Amino acid sequence: MLGNCEKLRPMLTGLMNGRFGQQIAGMKFFAPPIKYNNIQIPEKPKLRFMEKVPQLPSNLRAPKMQKKLKWMRGPELVHNSLVHKQYGIVATCGGRLRWGHYEMLRLTIGRKMDTSRMFAIWRVEAPWQPVTKQGQGQRMGGGKGAIDHYVTPVKSGRVIVELAGELEFIEAKQILDIVCPKLPFKAMVVSQEMLENMKAEERRLEQENQNPWNFKYIIQNNLGGCHRWLSPVDHKWFGKYN
């Protein structure tokens, strides 16, 4: 009997010291839960339906437009921050949204979100810029074609849609990651903290840059005769927003 106790003593000592796959009990510290006292869920939490064609007065003929690439180039200076300071989708380059993209966003987000504690809002206007198209098989000439569809031009840094409410970033990312790759331009899911960190990092890199031979200096001083082949856009944005 005493021999068996002597054999069990190392095993009991190992269990007490945390060996043999056992964990010693200890204090655990968890972050306090996030409080959502200042959040109010609106009466209609889902994204509203966007018109496919803008409604014009009966006495006004629908105007035709040029492409206006300047409406897609450069940084967004107005709608580049989150209104509810939570989560959203931000465009990282320019492009144009069609009505089908609005429907994809509206239906997918509305299907995946929990309307009892979440809500979503648009940050872009309904399609308003007309795009014309010639009929198939027509010869060259004949004037500008008829209006085929409407689009909304978007610049880099524009907030497309916001998702807010009683949710954390991991929940919002799971929902918005479904629609983000389907947009006609590069976009990313962001939180308010991510946006602030990105802007702070951009300012830090600009202040701490020790290399004087950057792209801006090269263009401004026409090094290598680069003015012969650079576009006016490079002279304005220095290779940032192409």
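The talk below takes some pairs in turn and sets their values against the cut-offs.

Mentor: Keep in mind that the model is predicted. A search of the whole structure gives nine salt bridges.

Trainee: Why is the contact of Arg117 with Asp114 called a salt bridge?

Mentor: The closest N and O atoms of Arg117 and Asp114 are 3.2 Å apart. The cut-off is within 4 Å, so the pair counts as a salt bridge.

Trainee: What makes Glu171 and Arg117 a salt bridge?

Mentor: Their N to O distance is 2.6 Å. That is within 4 Å, so the label applies. This pair links distant parts of the chain, with Glu171 in helix α3 and Arg117 in the loop between α2 and β3, 54 residues apart.

Trainee: Which residues are linked with Arg117 in a network of salt bridges?

Mentor: Asp114 and Glu171 are linked with Arg117 in that network.

Trainee: Why is Arg117 called partly exposed?

Mentor: Its relative accessible area is 24%. Buried means under 20% and exposed means over 50%, so Arg117, at 24%, is partly exposed. Asp114 at 30% is partly exposed, and Glu171 at 23% is partly exposed.

Trainee: How do you know that Glu162 and Arg123 form a salt bridge?

Mentor: Their closest N and O atoms are 2.6 Å apart. The limit is 4 Å, so Glu162 and Arg123 qualify. Glu162 is in strand β6 and Arg123 in the loop between β3 and β4, 39 residues apart.

Trainee: Are Glu162 and Arg123 buried or exposed?

Mentor: Both are buried.

Conventions:
Residues numbered from 1 in each chain as written. Predicted model: local features only at pLDDT ≥ 70, side-chain atom pairs only at ≥ 80, totals over all residues. Heavy atoms only, no water. Salt bridge = Lys/Arg side-chain N within 4 Å of Asp/Glu carboxyl O. Buried < 20%, exposed > 50% of the residue type's maximum accessible area, 1.4 Å probe, protein only. Helix = DSSP H or I, 4+ residues; strand = E, 2+ residues; numbered from the N terminus.
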